[in-house]
Every structure is written in structure tokens, then in C-alpha cells.
4 protein chains.
Amino acid sequence: MTENLKIAVVGAGRMGADHIDRIHTRIVGASVSAVVDIDLDRAGQAAAGIPGARVFASLEEARAAGGVDAVLLATPGFLHEEALIKALEWDIPILCEKPLTPDAATSWRVIEAEQKLGRQSIQVGFMRRFDADYAKLEQIISGGDLGDLLMLHCRHRNPSTPPGFTNEMLINDSVVHEFDVVRYLTGEEISSVQVRLGKPSRNAPAGQHDPQQVLIETTSGVLVDVEIFVNAKFGYEVGTQASLEDGIVDIGLDHGPVTRTAGRVGGDVTPGFEERFGDAYDREIQSWVDAARRDEVGGPNAWDGYATAACCEAGVKAQSSGEKVAVELNEKPELYR
Amino acid sequence: MTENLKIAVVGAGRMGADHIDRIHTRIVGASVSAVVDIDLDRAGQAAAGIPGARVFASLEEARAAGGVDAVLLATPGFLHEEALIKALEWDIPILCEKPLTPDAATSWRVIEAEQKLGRQSIQVGFMRRFDADYAKLEQIISGGDLGDLLMLHCRHRNPSTPPGFTNEMLINDSVVHEFDVVRYLTGEEISSVQVRLGKPSRNAPAGQHDPQQVLIETTSGVLVDVEIFVNAKFGYEVGTQASLEDGIVDIGLDHGPVTRTAGRVGGDVTPGFEERFGDAYDREIQSWVDAARRDEVGGPNAWDGYATAACCEAGVKAQSSGEKVAVELNEKPELYR
Amino acid sequence: MTENLKIAVVGAGRMGADHIDRIHTRIVGASVSAVVDIDLDRAGQAAAGIPGARVFASLEEARAAGGVDAVLLATPGFLHEEALIKALEWDIPILCEKPLTPDAATSWRVIEAEQKLGRQSIQVGFMRRFDADYAKLEQIISGGDLGDLLMLHCRHRNPSTPPGFTNEMLINDSVVHEFDVVRYLTGEEISSVQVRLGKPSRNAPAGQHDPQQVLIETTSGVLVDVEIFVNAKFGYEVGTQASLEDGIVDIGLDHGPVTRTAGRVGGDVTPGFEERFGDAYDREIQSWVDAARRDEVGGPNAWDGYATAACCEAGVKAQSSGEKVAVELNEKPELYR
Amino acid sequence: MTENLKIAVVGAGRMGADHIDRIHTRIVGASVSAVVDIDLDRAGQAAAGIPGARVFASLEEARAAGGVDAVLLATPGFLHEEALIKALEWDIPILCEKPLTPDAATSWRVIEAEQKLGRQSIQVGFMRRFDADYAKLEQIISGGDLGDLLMLHCRHRNPSTPPGFTNEMLINDSVVHEFDVVRYLTGEEISSVQVRLGKPSRNAPAGQHDPQQVLIETTSGVLVDVEIFVNAKFGYEVGTQASLEDGIVDIGLDHGPVTRTAGRVGGDVTPGFEERFGDAYDREIQSWVDAARRDEVGGPNAWDGYATAACCEAGVKAQSSGEKVAVELNEKPELYR
Ligand SMILES: [Mg+2]
Ligand SMILES: [Mg+2]
Ligand SMILES: [Mg+2]
Ligand SMILES: [Mg+2]
């Protein structure tokens, strides 16, 4: 394919609009041909100023109008299954913002549909894998020079949460990235999840117990702890410390100009995920576009989406039970091996 | 007291010999008057070259010979109770290397003996409180500018362990310091302990499961996790990351010259506890000597020793059960409030 | 202009080939339509696999063949003047890799030609201004919160130099960037240059005195020192420490994963300028493309090229004289104010 | 000598009082037997609470009264020569706060007197050599693993200066330490000094041009630049970056707890020289006491004092001339080789 990949972006909210701008101004080899949203005004605003981008209320209409080579799904997770099944039937590449679907059962139906198609066509939006630090850490671990990985200490801190961000969303929207990171860094599946609830911050909104500590184990026994703290106020931070047999590795430290004034030394903390992961999003979308033009998948696949959906289910159960909850997975189909 | 404090050091092993050298060459206002060890040769070697230091096979003999104003106990923990009781009867200041005694029941008997005496006379060797970083962190937390403390992430890593270092010693000899640190930083008692055993390092000796993760809770619900990793090979590291409502604080980072050569930037890692805490030991002993000359205690007291003994008991139970084990404490006597 | 900007890249050596790849794979809104090099084989290799890119032995032939909206000059500096004059006559946007020309007299002729055209059309390849760290430092200085800038301590270290890299090239190819940085950060012209030659490294090739220290002053008296060390072996480093009245600011520190193993803590040093400034090059070219499509200049202009050419002349004189050499500039034309 | 070294401290101002307290509370093997100051009230205050410390208006009176084994000189530099000559005649150990004397000619007379005595008896108060960072840097350089030393970039920043701190005192009181550091790190004498005066800070008091940059060369051609900035406001900083053939080494970076709050990451800057070099002062005095009890000198000797006095003379000349001023030294006597 020497032509630009013509993409229909489904969902014109914050994330969708961001991806539309990214494809238009920073991604080579692709253009936005359709913006799909039942709120046609919102769709129109997101498409404004982009030559060739048309507006539709449904993905079927966009597809029927022609000019849709690929789909980027940026709607809420509960709407994903239907759109994924459709795009699989049309046999066109899909980039699905995380989660694949909200639970393991629906994710498994997607896995079955993709198996029927017979080739991997879905990429899931776990953009951490496109962050330079995580990629280097994965190389250090898999390179083996420091022996086996034994523990991971993860921190995931947001300055604050939007209204309506529930206790379950701590797992489904935030820790889901850590589930993927653990699977990516260990190359193993997650076998159990446990959640500790301690002293909550006075800055947590009603109905949200913040922070929490999520304890994870992988099949070979790697122990993981995650501090999830979404009203941490000081700034944004995502990073990991890995304990290996022969060394300790840290990623996610702050940088930029270091200033000494008035008795203090320091720099700015990353203010939000856009600043921390903006480049990773660009690389993610570019990787998907490049792979799509070769009829391939350029990142985490539907199995990764299914496995993390199962982790999220276990995590939400663990939040309320206080117990260690096992993660159950179906056997991995040949297509994903 | 304007004279030097004349100290009998009991136990002339590694730690005792180190304290003898410290008192002789670095501590002002005190001198070693007696070295007590059933191995009189070892005692003689430790006392060599110290004017006025005499050698004895028992503390009673040293005391009977005169010239003993105070006792520093550096024998194994199971020998502490008897010597503590004796020194309390003689009503002289005691510095007792950790642990106070090996379990909560024996520690409580010491508490009872000190109450009979009617004043605090025992200081316990938790020297972390004399480390500049821990002291500054305690000030930051208790100062309150960053809101309440919510979580502590502690790391305690040794390059290797001496022969015979058992699984229980991970708790009783290493994590015991973290129990004291948690109590010191939170100003609260510890309510429960749990231990996670994951993938062990190939560098762990037979019979030792290393690393482990110890999960601790305090009475107000502060969540603590400790990585105890005693064959970490890369070097020595003790540090803590504190999550408060309005900020994150790290202590225990490495420093010294930073070199860039051959494609790498970095410095030396602290090689062992002597380098990391040598100054803290000096400050600890000096504080004890200064306080002893005023008939006071200059650091952690017998209650701190008792409370951490109870934590260790719970920790060892938690190692084998895998369950969260509650820490039970007697009511705190008036003397320690 | 809604069409892609069609660019003729002149010079298919290392830098030219790198820019061709960049425009093709990472820059939105532009494509390579012509590759110009008298070595047609080299031109052909650089153009291979780029749809629409044709190969020519001269810029005139490329222009005559049509499809050239803009010129990117990546030939050696002594060839710049002729190509610049031609592109100015054609009135098309030019991005000229540094230096504008090798000396002040030829640079001034370019300034005169651009004045005849009557609008700024030339952007000079000082890509440091597109590096995030330098941009933030410029904001900190010009923001004024830390008072006036008093001194700049610059370091410019390369692991090694290619064969034939002369003493004069230390100034003309390397320090030229620092001349631009000083002008960018201070917003002032440079008034004098001095060079100190001390102990040379055994790693310096014959005929090259390396390292050197370049002492610079600006019109208001800001003192600058530059360590230029082009066979520094350990890696690549470009950074600056700024001393202001009320604070000190550092940029250019290393980052990435931090590893502790075998008694050492540290990370990788940046290996070369591609890793350090790759993103800045992308931003530079994108800024030029975006501005060119609006008939504007998106970065340092011809005056910046002329002023630094005068600094280089003074610097080379200072290398041999050991004296402080004044930098003489013509009056700044209206077009550049 | 198994007895404590009985020291007469001459000068009971800030530095003298500090040393009196240090000897009393932190130095083993020595005590303050006499405090000498023409202001007897000030002497009395400094001696208060120190058993055995008597007060005198002159060093002769103190010596005549008995109980003076050694002298610590903490008076202004212009008073040093007379006291040094006297102590040399008495043949007792001397620790002389820097400078040895205010100029090279008077320092040479001290050198002659010590040669007459026939053994080294004077230690000069260059306490940087007792700072762990400088000592490690010296080892790295002299170890030779990183090749030859080529350049040193030194920074010496104070938050502010006391009233009456003149332009010359920038050299004589502050840069004098850097002269010693350069000689210590290179193991060479200094051959020339030059001073650059640029834009002064608005925070500099009348009559003081602050900051300044001092350019130094050693006999083998090592180039040194020193930023001396004594009203830097942000805090205190003394450190060095060394450029060697095969690597770059930094010392003097800040540490302590690192806090992230309100969008910023960082820690406290060292507030003053007491915090930065307090331990070095302790080690310096202890080293002198230990050596004095063996009739030796435990640190920088009179030759070091003479050589830096010559550098200071050249530095003050260079401040006003703007020229490079050669440093002339007499031949080094056998006694100091
Ligand atoms: Mg695009
Ligand atoms: Mg002593
Ligand atoms: Mg392009
Ligand atoms: Mg003393």
C-alpha cells in the first residue's frame, strides 16, 4: 500500500480528538477519513480543518460511504465488542483503546471472532510498550545479564481524578496498564491479584478509597506491588523498580532543567500523562499504521486485551474481598502463540 | 559527672569489637574499662592497646573488680535477658544491641524489671534513628506540611549473608530495623505483619528463601511494604519512599563522585552497613554516653525493644503461615509514656 | 498550501541522507521530490524507496525539471553561498545546514541578497533551539524570576572525531553551535572570543589540539566558558550550567534506566548527537516545513548565520593568537529586527 | 604521648570558638587548656564550661603558665607570622587556619624558620583535603584509570558575604581554597592566574565585583576555571568537575531527602560551609591531634601555605590588571620534598 491509510476514528471525546489531531499533524502514512460519534456536533468539531475527514453517526454509515481502510476505537469500553466484531467481519485493521472489552467473557468472544478470521487484526492501546524507558527495561530483563527478575515495585500516581471516577475505575482504567506492563516485562501471565486498603487520603473524593496497593503474582512467582494513588496532587508519575538476582533497575525518574534557588534544588515534576507518554502515543499509532499497511499488527494483540480483562475482573473482586483472587485464563489459541 | 563514663563491653565479637574501637577512638566522655567475653583470648584481643581496659569472663567479675559505670551489651540476643536484669539491679545505664530479647515474653520481663527500678535505664541499639536521612524524614512527616503519611515502601538489601543466616534471621536480624523505623516514622504501633514468598534468587543459600516481601500495617492504617533481599549482590542499600497526602519523599539514595566513562554514567554503590551507618553508630553511642552521664536514656528505650520483639514474633509466624498475623501488645506502662 | 511541500535536498552525504529519511518517514506535510548530488550514485542510494524522489547532479537541473517548492542545503559550507543566492532568486524557502557560509564576508553577501528579496526566506540549521532543555532554559532566563544571567558554563563533548577533523573545525563545526546558544540564551550579540590551549589528550589525532577552552563575552558582559572536547571517549554530552543572580540552572544531564549492579550505580551515557538531538532535528524540520507553507521562516534566520560566522572567524583567530579577539558586526538591517 | 594533647587556641572569634567546641565535644585525645584573645571577655565566653581551660591575653602568658602542648591559630592572617615563629621556637605542633600568612614574602620567612627547626611542625587549615568527595576525586585522578587530568571546572558559591568582605577577600579568603584544591588534585604547582570580571550581580555589595571567574594553569598545562560567586543567594555550593582523557568526574552534588510536591521535585541545598564541611573540619583537627602526638604533621604543611600565598598575590594582581599573572615560587626546600 503506497497510499495513505484512511482511518475512521470512532469516538470524538478527549482521547478520540487527541488521536485525530495526532494522525493529522504527526503521523506519516495515514489520514483521518471519517470521524464517528452519535454526537454529530462533537464529531464535527474534531474533524474541523482536516481535509477529507467526513462525519458520521455510526461506523456502518462511515464504512458504507467508502474510504475507510482501518478503524481506531476510542469509545468507552462497553461499546467496544460490537465495533470490534464488525471490523473483524470487514477484515480491516483495528486499533482498540484499552480495555479490549470490560470483562473476560466479552473479551473471549472477540478472541473467538478473530480466530474465525484466521489472522491477528486487532491491536490494543497499551502504549506503555512504546515508551522508551519501559522498552529499555524489557531489554535489560530479557537480556539476562542481571539474572532472573524477582520483584517489581510499580507506582502509578495521578494528580487528581475527574468527577465520577469510581473505585472500580482505579483497577479498570489505571491498574490495567500495570497488568499489561507486568505481562510485558515478565513475558508471563498473571496468576493472582490482591488489594490492600489502608489509610485513605483526605484528597480522595467520596466513594473512592485512594490510595490502594495491588499485589500481583505471575506464574513463575515474580512478586509485584503497585501503588495506585490517583489524587496524589504533587504531579504525575509512572515508574517501576525491578529487583533482579544481580541488580536493581529504576525507570520513570524525573528530569529536565535542574534549578537551585532559595535553598532548594530540583526540577519540575511531570504534570500529566500527556507529557509523560505523548511520544509513546505517537510511536504507538505510527507502529499500528506501518503494520496495518503490511496487513500486520504492530503492538499488543487481542490476547493481551483478553488476559488483562481477566486481571481487571480479579482485581475488582479483590478490592472488595480483601483476599488473594486467582486469575483464570482459557487456553491460549494457536493464533496468538 | 565530669569524669569519663567507664564502660564494660559485654561480647567481643564483630559488633562488640567495633564498639570498643569506637568508644576508644571516636567517642568523647567515655572509655572502655572492661571487656567481657567467656572467650578470654577474644576479649584480650579486643582490649589490646586500650589503656585501662581489663578483661573478664563474666559481667559479675567485671563489676566486682570496680570501675564499671555502664554496660554495653553486644552478645547474641538470647543472652540479653540475664545481663539486662543484672544491670537493672545495679542501677547502671545499659546500651543493649538489638534485639532487646528474642521474643515478646522475655522482653516483657525486662520491662517489668525496669518498672520496678522506676526509671528508664535501657537504651536499645536501633541506630537508624541516628541516621541523618531517617531523622529528616521523621521531621518531614511529623511536621505535617505534606499532610498525613499513607504508605511506606522500604527496601533493605545486603550484598550477601554470612554462613548460618537462617530464614528467621531475615526477620529477627534485618526486618527488626524496619519494624523500628516504621514505629519511629509513624509514631504508632504495628498492628499486623504478613510475608510474601515469591521467586527466590539463585544466589540464596540452601534453607533461606530470599528475597521476601513483608507487609506491615500500623494502628491508623498506614500500609508498609518491605523488600528484604539479603543476597542482592550489587551492594548495600537501605532506604524508604514515603507517600503522603500531598507529596512523595525518598531517602537512602546513593551519592559520592559521579563518573562518566566508556558509555556509562554513575558512581559507587554503598558496599555495606558500616559505610552506610558508621556515622549513625557513632552518634548513637555518643548520645547514649551523654545521656548516661545525666542519668537519662538517649535513644530508643525498653518499650521499643519489647514492641519490636512482638513484631518479630508475628513476622516469623507469618513467614510460615502466609497469613496476616496480628501483633498483640500489653498495655503501655506509665514509665514509657 | 494544502499540498505537501516538495523539497529538493542538496547533498546526499551523512547529514543529507539523514534529512531525506526524516522527511520521508517522520515529517508531515512535506516530501522529498529531488535529491541533488554530483555523485549521482550516492544521490540514487539516498532516494531509493522514496516514491516521487528524482535524482539530479545540480540544483538548477532539479529546479528546471519542476516539482521543487523548497531547498534543504546539506552540502559542505563552502558550497552554500552559491546555492543560497540561487534559491533567493527563485524566491523559495531554504533550510541551510550550519554554517550559513564559512566566514563573515560571504555571509554578509547572503544577507544583502535576502534584503534585496525583501523578506526572510532562509532558516539556518541551529537545531539546539528546538531541543526541549535549551528551550526551557531560555524561558527560565528570559522569564526573569531568577534575576539577570551572569555566567554560562558550556560543555560540548564528542566521543571522537572523523579523520580530517582539523583544529579550525573545532570552532567552525562544533563551537559554532555554542555561539548560537549563547546568542539565543542571552538575546545579545557576542563581543569577544578567546581560546585557551592547555594539556592535550593523548586521544587527540595529530594536528588537533583537544580539548580547548573557549572564553566568550556578550555585549552586556555575560561571561561564558566552553569546554570543547571532541575526543572525550566516554560518550557524547552537550549541556550548560547557567549562573543567574538568584539561582543556578543545569541542563543536559543524562537519564534513562538507572541500574545498580556489582557495586556501581548508573545508566548509559548518550552515545552520540543523533540520540541527543534526534528529536530536535525532527522538530526543526517540521517547524521549517510548517513555516514555509505559510511563507515564513520557522527558526534561526540569516542574521543568526552571519553573526555566528563572525564569531567563528574570531574564534579561529583566537586559537592561534591566544589573545581575546573582538567580534565585529555590521549594523543589523531592518529586515531582521 | 598517652595523655591528652593540651591545646592553646589563639583567637576566640567565630572560627576559634567553633574549634574550641569541636575539640571539647568531638575530638578524642585532646583538650583545650588555654584560650588566648586580647578581648578577655570573648576568650572567657569561649572557654566557659570547659574543665581546665584557662584564659589569657597573649600566647606567651599561656605558655608561661604551663599546660600548653600545641597551638591552634585562629586569628586574622596578618597576626599569624609572629605566633608561628614563636611556636616554632618552642618546638610545639601548630595548626594554622588559612592563610599561612597574607603574602608570599612573609610565608617564606615562616618556611625559613621551620627549616631552621629542621622538622615539619606546621599544619595549614586547608580542610578540603579531609572532605570525602575531594579525597575520592584525588584517588580517581592519581589512580590513573581514566588517563591524565586535562581540565578542572570549579565552583565556589556562598549565599552572601559578611559586611566588609572586599574584592581582595574573594581571592584571599575564598579562592585560596581552590588554589589548594588544584595543587592537591594535580600534585603540581600553579604557574599562572587570570581573573575575568563580567556582569556583576545586583546582590553584590558596593565595592565588590561579584561573581568573578578565575583562570588557573598548572605547570603541566592543566586548565582550571573557578566561578567564585559569594552572593549567590540560593545556598552554598563547593564542587568540581574534572575532565580526564577517558572520563568526566563530578563531586559536590547535593543530596538528602528528595521530595516531590506541588509540581516540583527536589531537596534542600546545603545552606552553608558548616553543613558542607563540618565533618571535614572534625577529621582535620583529629588528624592533626593524632599526628601531633607522634610529633608529625597530619595534613597540608607550611610549603602548601607558602605556595598558595603566592597564588593569592598573583590572583589579586590579576583582578586589577585583567592580565594573566605568572606565579613565582622559590625552590622547594628539602624538608618539604
Ligand atoms: Mg497523517
Ligand atoms: Mg572515648
Ligand atoms: Mg513526509
Ligand atoms: Mg577532646
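Author: Two strands are said to pair if DSSP finds at least two bridges between them, and a strand is itself a DSSP run (E, at least two residues), just as a helix is one (H or I, at least four), both numbered from the N terminus. This is a predicted model, in which local features need pLDDT of at least 70 and side-chain atom pairs count only at pLDDT 80 or more, while totals for chains, interfaces and linings use all residues. Residues are numbered from 1 along each chain as its sequence is written, chains are lettered from A and ligands numbered from 1 in the order in which they are written, and side-chain values use heavy atoms, with hydrogens and water left out.

The part to look at is strand β11 of chain B, which covers residues 237–244. Of its 8 residues, 8 are buried, and the strand is therefore largely enclosed by the rest of the structure; buried here means under 20% relative accessible area, against over 50% for exposed and partly exposed in between (1.4 Å probe, protein chains only). In a regular strand the side chains alternate between the two faces of the sheet. In β11(B), B:E237, B:G239, B:Q241 and B:S243 point one way, whereas B:V238, B:T240, B:A242 and B:L244 point the other way, and both sets are buried.

Which strands pair with β11(B)? One partner is β7 of chain B (residues 149–157), joined to β11(B) by 8 bridges in an antiparallel arrangement, and within this pairing B:T240 has B:C154 opposite. Another is β12 of chain B (residues 247–251), which also runs antiparallel to β11(B) and is joined to it by 5 bridges. There B:A242 faces B:V249, and the chain passes from β11(B) to β12(B) by a hairpin of 2 residues.

In chain B, 6 strands form an open sheet in the order β3-β2-β1-β4-β5-β6, and their pairing is parallel. At its edges stand β3 (54–56) and β6 (122–124), each with a single partner strand, so one side of each is left without a neighbour in the sheet. On average, neighbouring strands of this sheet are turned by 25 degrees against each other, direction ignored; the axes are lines fitted to C-alpha atoms, for helices over the stretch in contact, and angles run from 0 to 180 degrees between N-to-C directions. Within the sheet, β4 (residues 70–73) and β5 (residues 94–96) of chain B run parallel and share 3 bridges, one of which can be followed through B:L73, whose partner in β5(B) is B:C96. Helix α1 of chain B (residues 14–25) lies across β1 (5–10), β2 (30–36) and β4, at about 150 degrees to β2(B), where contact means heavy atoms within 4.5 Å.

Chain D also has an open sheet of 6 strands in the order β3-β2-β1-β4-β5-β6, with parallel pairing. In chain D, β1 (residues 5–10) and β2 (residues 30–36) run parallel and are joined by 6 bridges, with D:L5 opposite D:A30 of β2(D). D:A30 counts as buried because its relative accessibility is 6%.
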